[in-house]
Structure formats: C-alpha cells, structure tokens
Amino acid sequence: MTANNTRDDWWKQAVVYQVYPRSFKDVNGDGLGDIAGITEKMDYLKTLGVDAIWLSPFYPSELADGGYDVIDYRNVDPRLGTMDDFDKMVTTAHGSGIKVIVDIVPNHTSDKHRFFKEALKAGRGSAARDRYIFREGRGKNGELPPNDWQSLFGGPAWKQVDDGQWYFHIFAAEQPDVNWKNPDIHEEFKETFRFWSDHGVDGFRIDVAHGLAKDFDSKSLEELGREYSVENNVSHDGKNPMWDRPEVHEIYKEWRQVFNEYNPPRFAVGEAWVVPEHQHLYASPDELGQVFNFEFAKANWDVDEMRTAITEGLESAAQSGGSTSTWVMSNHDIPRNASRYGLPQVKANGQHQIPTDWLLRDGKTYIEDRELGTRRARAAAMMEFGLPGSVYIYQGEELGLFEVPNIPWDRLEDPTPFRTARNFSDKGRDGCRVPLPWVAGDEPKSASWSEDGAFGEGASFGFSPATKADGSPSAEPHLPQPLWYKDFAADKEAADPQSMLSFYREILELRAQLLTATGDHDSIKMLDMGHDVIAYTRPAKTADGQRFVSVTNFGAAPVALPGGKTLLTSAPLNADGKLSQDASAWLLLDE
C-alpha cells in the first residue's frame with residue numbers, strides 16, 4: 001500500500017487515475033473494455049504509482065452517452081462483467097494498495113430506468129411522474145415545448161411523451177433530468193451510496209454536481225427561457241434556474257451523513273463547473289469534501305492562464321475549511337492535453353475553441369506540432385504534480401497519447417455530433433476515448449485507409465485478446481485505433497527510459513517520496529522569477545531538511561535555476577545549465 005493510503009484522509013493528496021472502462025482493457029474479446037480488464041492491469045497501475053482509480057460509469061446502459069445514461073445504479077453492465085467481477089476488482093485493487101472511486105450520475109437517469117418507465121405509465125399528476133421534470137407544452141393543444149431551451153447535446157431540451165406532456169433533459173433525450181425536490185430521488189441515491197460502500201468502494205465522483213437543484217417555478221418557463229440558456233452555466237448570484245443553485249448544498253449535506261456512516265468516512269469529489277469563488281462550497285467537509293478545479297483543463301499553454309489556475313485552485317481549497325486543491329489536465333470530456341498544447345495557442349471566446357474547430361474538420365484546419373505538444377505536456381505534468389493537493393490523471397495521459405481527430409464519422413459513438421448543427425457543430429469526445437494500446441507487436445494485419453489516415457483492422461495493440469474463449473477472432477475495438485498507436489503502446493514505453501510512461505513513473509515516485517510523505521497538503525510559497533516563469537516551493541521529506549522547488553519556463557529566454565540540487569527536468573538543460581522554454585525543473589534547496 002502507498003504510504004499515503006494508510007491515512008484516513010488519503011484523498012487530500014492522492015494521485016487518482018481515471019479509467020474509462022469501455023476503452024481501458026478488453027478481456028473477453030467483444031471489443032469493449034470490461035471490469036476484468038481493469039483487474040488484469042492492476043499491476044500496471046500499481047507500478048505507475050497511483051493511489052486510487054476512478055471508474056467512469058460501468059452500469060447497465062443503452063450507451064446513449066457513453067454510459068452516463070444509467071439504467072440501474074446498483075449493478076454492472078453485463079457487457080462489462082458481473083458484480084462478482086467488480087468485487088474481485090476491488091479486492092485486487094485494495095491488495096495492491098489502491099483505493100477505488102466510482103462515478104455517480106445524479107442529475108439524470110436513463111429513459112430505461114425503472115423510475116422513468118413508471119413515470120410514463122402512471123401519467124399526469126402522478127407521484128411517479130413527479131420524480132422527473134414534466135411540464136405542459138405551449139400552443140393551443142400543448143404541441144410546443146414549454147420554452148425554447150436547447151440541450152447541451154443539441155436539439156430541444158424538452159421531449160414530448162405520448163400523453164402530450166414534455167420532460168426536461170439537459171443532455172440527450174435518453175437522459176431525463178430527475179426532480180431533486182422529490183423524496184424518492186433522495187432515497188434512491190442514498191441507497192446507491194450505501195450499496196457501493198458496502199462493496200468496498202472508497203469514494204465517489206459526482207457527475208454534474210452543480211446541476212441537481214433547479215428552480216422552474218419562481219417564474220414562467222417562457223420567461224426563464226428568455227433570460228437564461230442551458231449552455232450558460234455561469235452563476236455568480238445563485239439565480240440561474242439550472243446551475244449552481246444554493247439549494248444543491250442541502251443535498252450534499254444529506255449525503256455527507258451517509259458518507260460518515262462508514263469508517264473511514266467515504267470520500268466524494270464533485271464535477272462542478274462553477275465560478276472559482278463557489279468551488280469551496282462543494283468542497284466543504286460538511287458536503288462532498290473535494291471539488292474538481294478545471295482551470296488547468298480549460299487553460300491554454302499560457303503563463304497567465306496557468307498562474308491564475310494555480311492561484312484560484314489554492315484559494316478555493318483554503319476557503320473550504322478542510323479540503324485540498326485538485327489538479328486536472330485531461331479527462332474523458334475534453335481533447336487530450338498533448339494535442340491541445342501542440343495546436344495554436346489562440347485566445348477565444350469558447351473553451352477549447354481551436355481544438356474543437358480542429359476536431360470538427362478531422363484535424364485538417366491547424367497544424368498539430370506533436371513534438372511541441374509533448375514537450376509542453378511533460379513540463380505541465382511536472383508543474384502540476386509538484387503542487388499540494390490531489391492530482392487526477394486520465395488514462396493514456398501517462399503514455400503521451402494525442403487526440404484522434406480523424407475517426408470516420410460513421411464510427412463515432414458520442415451523441416454530440418449527431419445532435420448539433422450550424423454554429424453548435426461539434427465532432428464530440430470520441431477522440432480521447434479510443435481504446436488504449438498495450439502491446440506494440442499486436443499490429444493490425446490490414447488497415448482501412450482514407451484521405452485522413454489509416455486505422456487498424458484485425459488486431460488491437462493488445463486492447464483485446466487475439467481470440468475469444470471459443471477460438472473465434474475478437475471483435476474490432478468499439479472505436480478504431482490509428483496505426484500510429486504502435487509508437488505509444490504501454491509495453492514499448494515501459495522499455496524506453498525516455499518515454500512519457502517512464503517519465504510519469506519517475507515524477508510520481510519523486511512526488512510520493514519527497515512531497516506526499518511529509519503529510520503536508522497545503523503549504524506552498526510562490527516564487528518571483530519573472531513574468532514568464534511559474535515557480536513555487538514546498539516542504540520536502542529529506543534527511544537534510546531541504547525544500548522542494550518547481551520551476552516552469554514559458555518564455556523564450558532561458559532561465560537560470562536557483563541553485564541547489566537538480567532532481568529532474570522535463571527537457572535537457574541548455575549548455576550553460578539554464579532552463580529553456582516550455583520546460584520544467586524540480587530541485588532541492590537548503591533552508
């Protein structure tokens with residue numbers, strides 16, 4: 001077990017690895033990753049040096065949104081395994097000293113969930129229908145939706161059912177939003193938390209944590225529709241009818257009572273895309289305990305944006321009264337950071353606007369400088385991993401994977417591309433969800449070629465076995481893998497001391513030995529080394545009482561390091577010992 005995980009508050013400075021189960025490792029050869037695949041790769045995760053794994057949804061689902069349309073919150077999708085498989089995975093993780101976090105989706109269910117089926121059958125005014133947000137339509141016969149809101153996945157945010165009423169869905173129509181004013185919803189999720197806690201789960205990631213509470217009654221829906229839009233999720237004053245409402249915190253205080261029934265108390269981290277000054281409310285010890293700080297994930301490779309992300313993340317944690325900062329570069333919803341950093345760094349009104357445009361046109365609009373993207377990704381990892389608090393790594397980030405922008409449109413799975421239009425056009429998130437490459441020698445025997453590049457056929461770089469149990473060939477991966485994946489296979493990188501995987505293993509080991517081992521998860525002092533440099537110092541666990549220093553140079557001019565012992569650099573130092581542009585260094589300095 002990692003030294004960090006011997007503490008009850010392990011989550012305060014944990015390294016958490018996000019597993020997107022359907023794309024992690026396939027054991028049975030059906031082209032989908034599974035729970036047994038996670039168990040099989042536990043030694044890999046242990047060697048990487050992570051404290052915990054977070055599993056994106058693995059529940060029964062129609063996959064209208066990559067598993068975030070949950071049919072049954074207390075079971076495993078049969079395509080991914082069984083509850084016995086899950087229990088074995090938890091036992092193996094704990095035996096390897098790794099905690100387990102699962103994704104909970106409380107803003108909406110699948111339209112195949114038993115509650116929604118009951119709501120449709122019960123009809124208007126029923127107790128069952130009150131579990132969701134049903135409203136009458138406009139027009140002479142209610143033939144128009146209650147207002148003109150558009151869902152985040154495109155198309156109307158209201159869908160009409162057979163008896164004429166309309167239900168609200170922030171995301172896909174197959175994901176009806178639940179009504180958190182209904183006591184049945186409260187009990188459903190409290191029971192869910194207890195179920196997974198009893199199966200050994202150590203914590204929970206809360207999806208759309210800022211969206212549960214809604215106020216559709218203080219004004220008419222037509223009036224709210226004129227004043228607000230679904231995609232405008234910024235709320236400074238708490239008056240937005242859908243996002244970041246004050247009432248949501250009463251829900252989390254209720255959940256905290258459930259978490260505290262266990263010893264040690266269960267942990268939760270919220271996906272709350274809120275203004276920085278509200279993050280600490282979700283991270284309060286009386287509520288979830290921690291909240292994602294997405295400022296790194298949103299930022300360009302820009303010194304001012306990165307410095308602001310660090311400052312606001314530290315301030316938010318300090319205000320929470322017991323939480324710690326969280327640092328996130330990538331996840332399953334955003335383009336991979338190595339690609340983002342290799343594209344033109346242009347400020348835009350929309351988040352990730354340049355990568356989004358690049359993806360929409362299959363990677364043709366801008367030049368992706370992969371060498372530069374990799375250099376910046378290495379520097380960013382050192383800058384991030386040296387900070388106090390928790391670090392979240394998205395699967396494949398440790399391999400230096402790039403986004404796959406040219407997946408054929410007829411192979412896409414994400415609902416976004418098929419529901420957006422005109423100025424809302426978006427190719428979606430599949431480019432960061434392509435199944436991982438594990439074995440370089442497991443090369444495709446043939447390839448499908450298009451003007452945009454080649455994808456393998458007949459093998460999967462070790463993602464799936466060569467054959468199923470019955471001897472028949474394994475299915476193709478559910479998303480196609482590009483042929484360039486061979487250069488990023490885990491076995492090839494493990495044998496290369498200069499690879500991104502070897503680099504991640506090294507910096508995570510140094511973090512554990514020098515920083516996590518101190519037990520200090522909030523002490524930091526920013527250093528002034530010029531505008532183009534982000535530098536900070538922290539206490540270190542050394543025999544001689546030295547301090548840890550991290551330096552990242554964003555500027556064109558090389559930077560002289562502040563003496564001491566240089567532990568590691570993300571790129572070689574210049575001949576005169578200075579740190580060049582887009583590079584980071586870790587040092588130890590005497591007090």
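Modeller: A pocket here is an open set of grid points where a 1.4 Å probe fits, with protein on both sides within 12 Å along at least five of seven lines. Rolling a probe the size of a water molecule over the atoms shows where empty space is left. Keep in mind that this is a predicted model.

Start with the space itself. The second largest pocket holds about 480 Å³. Its lining is made up of 21 residues. Look for Lys298, Ala299, Asn300, Glu305 and Gln351, which are the closest of these to the centre. H10 provides the largest share, with four residues. What kinds of residue line the second largest pocket? Seven are nonpolar, eight are polar and six are charged.

The largest nonpolar core has 117 residues. Within this core, Tyr17, Ile53 and Phe86 touch the most other members. Helix H16 (residues 500–515) gives the largest share, nine residues.

Next comes a sheet. Strands of a sheet pair through backbone hydrogen bonds, either parallel or antiparallel. This open sheet has five strands, in the order E14-E15-E16-E18-E17, and the pairing is antiparallel. Its edges are strand E14 (525–527) and strand E17 (565–569), each of which pairs on one side only. On average, neighbouring strands are turned by 25 degrees against each other, direction ignored.

Follow the sheet in from E14. This strand pairs with strand E15 (residues 533–539) over three bridges, in the antiparallel sense. Lys525 has Thr537 of E15 as its bridge partner. Met526 faces Tyr536, also in E15. Five residues lie between the strands of this hairpin. There, Gly530 takes a positive phi near 105 degrees.

Stay on E15 for a moment. Is this strand mostly covered or mostly open? It is mostly covered, with six of its seven residues buried. E15 also pairs with strand E16 (residues 547–553), again antiparallel, over seven bridges.

Technical notes: Residues are numbered from 1 along each chain as its sequence is written. This is a predicted model: local features need pLDDT of at least 70, side-chain atom pairs count only at pLDDT 80 or more; totals for chains, interfaces and linings use all residues. Side-chain values use heavy atoms; hydrogens and water are left out. On a 1 Å grid over the protein atoms alone, a cavity is a set of points where a 1.4 Å probe fits but cannot get out, and a pocket is an open set with protein on both sides within 12 Å along at least five of seven lines; lining residues have an atom within 4 Å of a point. Grid points are joined across faces, edges and corners, and a volume is the space filled by probe spheres set on the points. Helices (H or I, at least four residues) and strands (E, at least two) are DSSP runs, numbered from the N terminus. Ala, Val, Leu, Ile, Met, Phe, Trp, Tyr, Cys and Pro count as nonpolar, Asp, Glu, Lys and Arg as charged, and the others, Gly among them, as polar. A nonpolar core is a set of buried Ala, Val, Leu, Ile, Met, Phe, Trp, Tyr and Cys residues joined through side-chain atoms within 4.5 Å. Buried means under 20% relative accessible area, exposed over 50%, partly exposed in between (1.4 Å probe, protein chains only). Two strands pair if DSSP finds at least two bridges between them. Axes are lines fitted to C-alpha atoms, for helices over the stretch in contact, and angles run from 0 to 180 degrees between N-to-C directions.
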